[in-house]
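This report is written to be read beside the sequence and the 3D model. It goes through selected geometric features in turn, giving the cut-off for each term where it is used.

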Amino acid sequence: MLTKFFFISLIQCYFFQISFCVHIGGTSMDSTHYNRQLLQYQCPINNQIKEQHQTTYWINVRSFSLINDTNTNNSRHLIFNNGEDRLITRASSGAIDVDNTDPLDIDQASMNIIVDKQINGNLTVYIQVIECIDCPYEIITEDLSSTKLLNLTLNTKFNYRIRIESNNLSPCLESLKLYEHGHYILNVQPSPSTQTNSSSNSTLKCILTTQRSANNVNTPLIIAGVILLVLFVACILGQRMKVREHLLNLKNKCLKRVPPQESSQSYDLQACPPTVVHDATITTDGTTPVTQLPPIHKISNVIVPRSKRLLSLDAFRGFALIAMIFINYGGGGYAEFEHAPWHGITFADIVFPFFIWMLGTSLVFSLKNAIDKGVSKQTLIKKIAIRTVKLFLIGFILNTRFKVDFKEVRILGVLQRFAIVYGVIATIEVLFTRPNQYLLIPNTQTSTTTATIKTGTAQRLILLFRDIINFPFQWLFNITLVTIWLLIIYLVPFENCPAGYLGPGGLHENGKYENCTGGITGYIDRIIFTNKHLYPYPTCQLVYGCKPPFDPENLFGAIPTIFLAYLGVQAGRILVMYQTDVDRLVRLFIWSIISIAIGVGLTAGTLTGGPMPLNKNIWTLSFTFFTAGLAFAGFSLMYIFIDMLKWWNATPFQYPGTNSILIYITHLVFATYFPVQWVVVNTHAAHLAMNLWGCIFWIIIAYIFFKKRIFLVL
């Protein structure tokens, strides 16, 4: 009854618009793809704030002259951001005043460019975003002189190169790393040789000085990190000291209650109670089939003991989910928690791959349990198909939460990619897996090494690598898929774009492939879904100025994502087939090292270059290996502290980890509602505090669901 009431309330709140809205501008959240334009219509207060504080631009230019200059023909649109042109404006004033600066907003710095009076003629100013790989310099102005002051307001999330040149002088080059609310002066002076030699070899010299010190934007982040670390340590100490048990005993003594007796049956989310029979199912987020538990009366005095499931799986999944919520809610406005403009990797880029990896890991436990119970493959395939359709439909419905327009609605998304990967990898595992493939090592064998001393070399290799050798058809299928992906990516040209192009288009490579955003990966989506049904605000718009829509959860990118899930399957096999902690950890860390090495090797050690750069949008194979290696390592560390040493009981990550689908859906639906988020002052400290509160809020909700035994199983 409580579950039905919750879902009815959820639907009612979704359609009932309340007066609290959240400001979500200025951050890249392509994990969930909020439609900011439609959101502004729902939140007029935030729209007014955005008009007053336009912070999403890359650079704003103002030119002050001693002579009135009404010619604005040189004003131009440089960069596109979320469908809005970032206009560079030019103005005039009667005098040069370096102290006349407008107030700066979040992630803004001001720089005045002043030309020495000894320099005659007009100068041309070029600027380039360093994060824009293989992009050209762009002209800011062509008429800068000693009688003018050029004021630039720049976005401090990026680094810049500035180039100033004239017809008869060699240019000056300067790399700029500016900080929030800093005021800088760039003096353009003739070099000492210029004053004595007027030859063509004379050069300009640029000297950058700080007029007003900048803010340390990392201070709130450091303080928040210290607070969270202290709370985490306190949680572990409380667990070790059994604080909760002492408080319960004290409460029972004060209220004169009889201490409840522990049940002889374990409350295990992995298995059904022996008195209840259910069909086993393959789940997307559980380590074994999650079935409905028998109801327990509110006044029952039976203590449910701690679950015996592998808690590190829940903790790792819960950590990834909370990290995704933090990123989706804005990440405090920090560039470190935004997605890479195109090539490269940030913290925000590794969260979704962790979920995909965990999908494969959990699938092994579910499948083995179903096989052990004798569930037919036909039944399992049917359940997989139903669950795949459910996941895809839920993801599609979430895409319509701001506006229902079937002519333009986005078809793909996070849950849609999850559904495709799950459907393929689960089907292959069911079709090709046999019960004897998961045979465990006999208990008389203390370790893999000692058990194989008396056997031949072939038998020793089989025992050492049986988690690979026992599954030839699965490996063959996945390797075939990856081979097909590689051949299409690097051998198939399209339209006016070359084969093997992996760039963002736009300004990349001097605009040579302006409309080739995403290579053939983007082309396939544009052919199948058309531009109207793709994500219109890719991350490359901000830096590269790419124009075509590009969906980061694209259809063709599902192939290397499937391989990432299969690497997670490999981790699950290790956990199932090897029973000692040493055997498990050695293999997990070896897979981590190998995967990271392959991922970095495919980029030639650069991460952003080489034959195959790391790229989440295209989901390159290098990205698959690199993130899989991180997942192997991250899970192994949690396994050591939680399941091996038992220093940590996985709190609080186990609560969202056991109910990840429900928390994921609700955190999106209620993203713009109080008390999850609300309008705050436009500073990193305020945004960070609110975004962390959003994470804590959903941890609390997940804890309540856990205690009430409310679990969403698709």
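What follows covers conventions, helices, aromatic pairs, a surface patch, strands and backbone geometry.

## Basis of the values

The model is predicted, and local features need pLDDT of at least 70, side-chain atom pairs count only at pLDDT 80 or more, and totals for chains, interfaces and linings use all residues. Residues are numbered from 1 along each chain as its sequence is written, and side-chain values use heavy atoms, with hydrogens and water left out.

Helices (DSSP runs of H or I, at least four residues) and strands (runs of E, at least two) are numbered from the N terminus. Helix α7, residues 311-328, has 18 residues and reaches 25 Å from its first C-alpha to its last, close to the 26 Å expected, where the expected span is 1.5 Å times one less than the number of residues. Of its 18 residues, 17 are buried, a term that stands for under 20% relative accessible area, with exposed meaning over 50% and partly exposed in between (1.4 Å probe, protein chains only). Just after α7, G330 takes a positive phi of about 125°.

Helix α18, residues 558-577, has end C-alpha atoms 28 Å apart, in agreement with the 28 Å that its 20 residues should span. Because 20 of the 20 residues of α18 are buried, this helix is largely enclosed by the rest of the structure.

## Aromatic pairs

A search of the whole structure finds 32 aromatic pairs, counted for rings of Phe, Tyr and Trp (its six-membered ring) whose centres lie within 6.5 Å, with planes under 30 degrees apart called stacked, over 60 edge-to-face and the rest tilted. W475 and W591 form a stacked pair, 6.1 Å centre to centre with 15° between the planes. W475 lies in helix α14 (residues 472-491) and W591 in helix α19, so the pair ties together parts that are 116 residues apart in sequence. W475 is buried at 13% relative accessible area, and W591 is buried at 17%.

The rings of F641 and W647 form a tilted pair, because their centres are 5.8 Å apart and their planes stand at 45°. F641 is partly exposed at 37%, and W647 is partly exposed at 43%. One aromatic cluster includes W475 and W591, along with F316, F354, W357, Y566, F632, F635 and Y639.

## Surface patch on the side chains

V582, V586, I590, I594 and I598 make a nonpolar surface patch of about 400 Å². I594 lies in helix α19, residues 581-602, and counts as partly exposed at 43% relative accessibility. An α-helix has 3.6 residues a turn, so residues three or four places apart point the same way.

## Strands

Strand β5 (residues 123-129) and β6 run antiparallel and are joined by four bridges, and Y126 stands opposite I139 in β6. Strand β6, residues 138-144, is mostly covered, with five of its seven residues buried.

## Backbone geometry

Most residues other than glycine have a negative phi, and most peptide bonds are trans. A cis peptide bond joins T651 and P652, with omega about 5°, and P652 is found in the loop between α20 (621-644) and α21 (654-657). Another cis peptide bond joins F674 and P675, with omega about 10°, and P675 lies in the loop between α22 (660-669) and α23 (684-708).

N510, in helix α15 (residues 508-511), has a positive phi near 60° and is exposed at 59%. L607, in the loop between α19 and α20, has a positive phi of about 70° although it is not a glycine, and L607 is partly exposed at 28%.

Technical notes
Patch = residues over 30% accessible without salt bridge, like charges linked within 9 Å, V, L, I, M, F, W, Y side chains within 5 Å. Areas by Shrake-Rupley, 256 points an atom, 1.4 Å probe, with all protein chains shown as cover. Salt bridge = Lys/Arg side-chain N within 4 Å of Asp/Glu carboxyl O. Pairing = 2+ DSSP bridges.
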